[in-house]
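This report describes a chain and the contacts made with its partner. The sequence and structure are shown first.

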Amino acid sequence: MPNLEVSKKDLEGMLAQKFSKEKLEETLEYIKGEIDSLEGDSLKIDCKETNRPDLWCTEGIARELKARMGKEKGIKEYKVRKSDVSVFINSNLEKIRPLIVCAVVKDIKITEDLLLQMIQLQEKVGENYGRKRKELGIGLYDFDIIQPPVYYKGFKDDEIEFVPLEWKVPMRPSEILSQHEKGKAYGHLLEGAEFYPIVIDANRTVASMPPIINSNTTGKVTEKTKNLFIEVTGFKWETVETALEVICMALADRGGKIFSCRVVFPSDKKPYPAKQLLTPVFSTEKMSFDKEIINQKTGLELKDKEIIDLLEKARYNVSVKGKKINVEYPSYRTDLMHPVDVIEDLLISYGFNNVVPQKIEMNVLGSQLEEVVFNDFVREGCTGLGLQEIMSYNLTSRQIQGVNMGLENESFIEIANPVSLNYEILRKNLSPQLLDFLSKNKDKEFPQRIFEIGTCLSLDAKAENGVKQSTNLCVVLTHSNVNFTEIKSVLVSLCKYLGLSCEVKKKLFPFLGENSAEIIVNGKKGFIGELKQEVVSSFGLRKPVVLFEFEL
Amino acid sequence: MLDLLNDKVKELSDIERKVLSSLSSEFADFEDISISSGVPLDSVRRASAWLSQKGFAVVSEKEVERYCLTSDGEKALSKGMPENVLLETLTQMGGKASFIELEKESQLSKQEFMAALGINKRKAFVIISQGMIEETGVAKAQENFSEQNFLRDIADGKKVSTEFVIDLQKRGLVEKKRVVDRTIKISPNGEKAKEILSSSNVSRVFNIEAPVPELFLGKKAPYIQFLQQIRAKLVSLGFTEMETKLIVTEFYNFDVLYQPQNHPARTWTDTYQLKNPKTGLLPDKRIVDAIKSAHEDGGKSGSKGWRYDWSAGVASRLMPSAHGTAHSARQLVKGVGMPKKYFAIARCFRPDVLDATHLIEFNQMEGFIVGKDLNFKHLLGMLKDFAIEVAGAEKVKFFPDYYPFTEPSVQLSAKHPELGWMEFAGAGMFRPEMLDNLGIKGEAIAWGMGIDRLAMFKLGIKDIRYLFSDDLNYLRNAKGVLL
């Protein structure tokens, strides 16, 4: 979810209204925004509208709020004039990055605020909506330096070179990917491609290598720039067109005039939308559904007039015909998939806190999982024996579960992207975790008598999720004179209370000494015994330890 | 007068009684009393102080001079005297070595080395010939008679011949210190008390105001107590507990929940992925096809869907479940009662670094209610109930929110009497793309809440790591938890 930074004064200027912090907080609910911080003029907003890039700049926020606050209503229309710029797409990029859409915005007064907003919008849209530039890359250029027509074409590494932004000498595409900061950050997006996508003008001046970097020649926008050329590249028509419209709208809201470009596609088959198109298109979409659904879903009793009013505040054009409601909205609202999305917009206009909560009358009985009830029964037995319960993490290390226990070759459920080697696997047994616990409490009073009831995981190729998940009980006792008899007493007494059958059969385990046995409790296997001296030492313990563990 | 004495005698502890019976009219060392009474020396010291305070014994204190080990002396006692170290090293090196080699091999400091060499030369254990140090063999012929034994005797307070002590003192291993020497004898009242004790079996009377040793109760972990009571609350509100799995396919964690496969939250930085095992099995083809069409074109729901090519391969990747809703997803696939309320307390995993405010795994309370005529007002009603019942909130506020699997989506903030306003739950109505394609005819309102902040408050802890505390003293001293 995007974190936005705007100038409070700038936003107030666009809305022609001043806000207290409280009022601002309340108003930003309309864009699912939360104030992260407000220091001086700098307002940081956490915007939860993950699928609405049109809101991710001061201009977009102001556009939405003007309607929600009743200053405007319905779809905002943008005038698009025709430019004579054509953009030709080469088919050699079809498998690499097939689409480009372009626009020109003229007569724009670029202020510091606007420049910052444009950089932010370009970045947020590319990172969030464009999935870290994978699905779309945006470039802004000084239009006055570009010589139309513009070509979008793939070049081999040895066919082209240009000076990338913030660089002084010309570089080949492969050099940019390996040496330039942006090349290193986004180079993986072009990995293994036969051609590098290049935007180039009629003078053979390179504008950019999308989605990596602009050229230093045309790709530098400053406060002196008057006319802008904008391109968006990607894979999906709807995504690139949305991004282009979002940027054009923001610039137009600042007084710029939008001019379309004629984009000529290699064919009219997928992924291309048509043989040729004037972009941006600014088309609208329509949705029609039963009016009744609104009151059904919301629980409100809204009249037609109220419904129309609330939806116009959310910038829909609305009409009611009989039982049907027809809404029209800009096609950049790709987040609208189903009538429920429109209904949520209506509720936001209404104000969530203006809805009166209603109790659910539902006569149903609740229950806990049988397993949870049983675990608590076992817990009661253990605490009755004077044992202290502990809770350890499921995530742990190979060192604790394997090496320390003398089980170096054991296989575990492994995390592919661990944050730390201390948490690289999921535990297979509880015992090592309890021993690790003891190692952190050597200075505490003895005897130490602890237990844990917890989930354990082991590989199981037959299971749907590849693992066997069990709940184990482990009891560990340690003090100077502890021995096998003491731990067996705990096991036998506990099983008696729980009504579980318990068999003890002599068996050796790698981590247990001579006095050790396999136990079968209610048909499920486990172990009991005195911990081997080497294992005691590998956990850094000084006193003897006895333990048992079995599956519940 | 005698009654008073009788009362005092009754109050004597077992140890005091044993020590008293070993006392005589002559002053004796505590060590001797310990031997004759069979009471450990420390206990004798304490009992003597009490007996003297009660007038049953006389303790005499005298300052005397005693030999004690210096810190160098302690080191020599544990690691060996330098001259022994030198000699042993020389033997290991074949009985002959140069100065430089021997000094290096013995790991002695220059000063220690020279002193040790001097001693060995004086005792004729080594000779120096042509710049080499050689063993003479005398040391082996003599009884192993080392100064180390004297050090141990001095440390233990045993008597040692003055000649040796002075030598050790010169070498800075032993020093003279003034210490208080205590001896004890019985007092006249003590004699009477002894008589009373021996003439009849006098039972002990306790000082009821005296402090007593503390016991450690066997008890549940505080966090478990909290979670159990939360469970009980939910059951009382009519919720049925769902099964949870630690390892799930992305299908349940994301796909069933209408989270598109290119969603940023599905990248590595936000969730864990598994190296082993890598993939799991998807359910029935019928269900998989339903979810596939939900994503691609909305399926039976009338939605446009996310409009991309859905991949079963991505959906079958395994991961530790990142949110409790994965278990709601599984329940939706398995089928639901109508009407019914479901909940889970689920262990969730996200790649965070463990610190005072973040856990590497945490518990989420999660659930949903299915019914024919549920609407947005019910959603808010349910959330308000939770805030009051579970968190003891005074006021609630609702904010618009976003989740891929609910529309409308709400965030609930609750005002707790002591914690103030806090984000308490995320909630919403499950999207029709999910319900319609899984054949669930009705509405479902879903909620999820992080309960760890509330747990911290109830447990009275400021550091979240104490929920999984590895400090035995904290667990032993923790108070019982009551919601």
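## Fold of chain B

Among contacts in chain B between residues at least 6 apart in sequence, those joining residues at least 24 apart account for 69%; a contact requires C-beta atoms, placed from the backbone, within 7 Å. The model is predicted, so local features need pLDDT of at least 70 and side-chain atom pairs pLDDT 80 or more, while totals for chains, interfaces and linings use all residues. Residues are numbered from 1 along each chain as its sequence is written, with chains lettered from A and ligands numbered from 1 in the order in which they are written.

Chain B contains 21 helices and 16 strands, taken as DSSP runs (helices H or I, at least four residues; strands E, at least two) numbered from the N terminus.

## Interface with chain A

In chain B, 77 residues are in contact with 73 residues of chain A. The chain B side comprises 36 nonpolar, 20 polar and 21 charged residues; Ala, Val, Leu, Ile, Met, Phe, Trp, Tyr, Cys and Pro count as nonpolar, Asp, Glu, Lys and Arg as charged, and the others, Gly among them, as polar.

## A sheet across the two chains

Strand β19 (residues 413–415) of chain A is joined by two bridges to β9 (residues 274–276) of chain B, where I415(A) stands opposite L274(B). Two bridges also join β19(A) to β20 (residues 425–426) of chain A, and I413(A) stands opposite L426(A).

Note on methods. Two residues are in contact if their C-beta atoms, placed from the backbone, lie within 7 Å. Two strands pair if DSSP finds at least two bridges between them.
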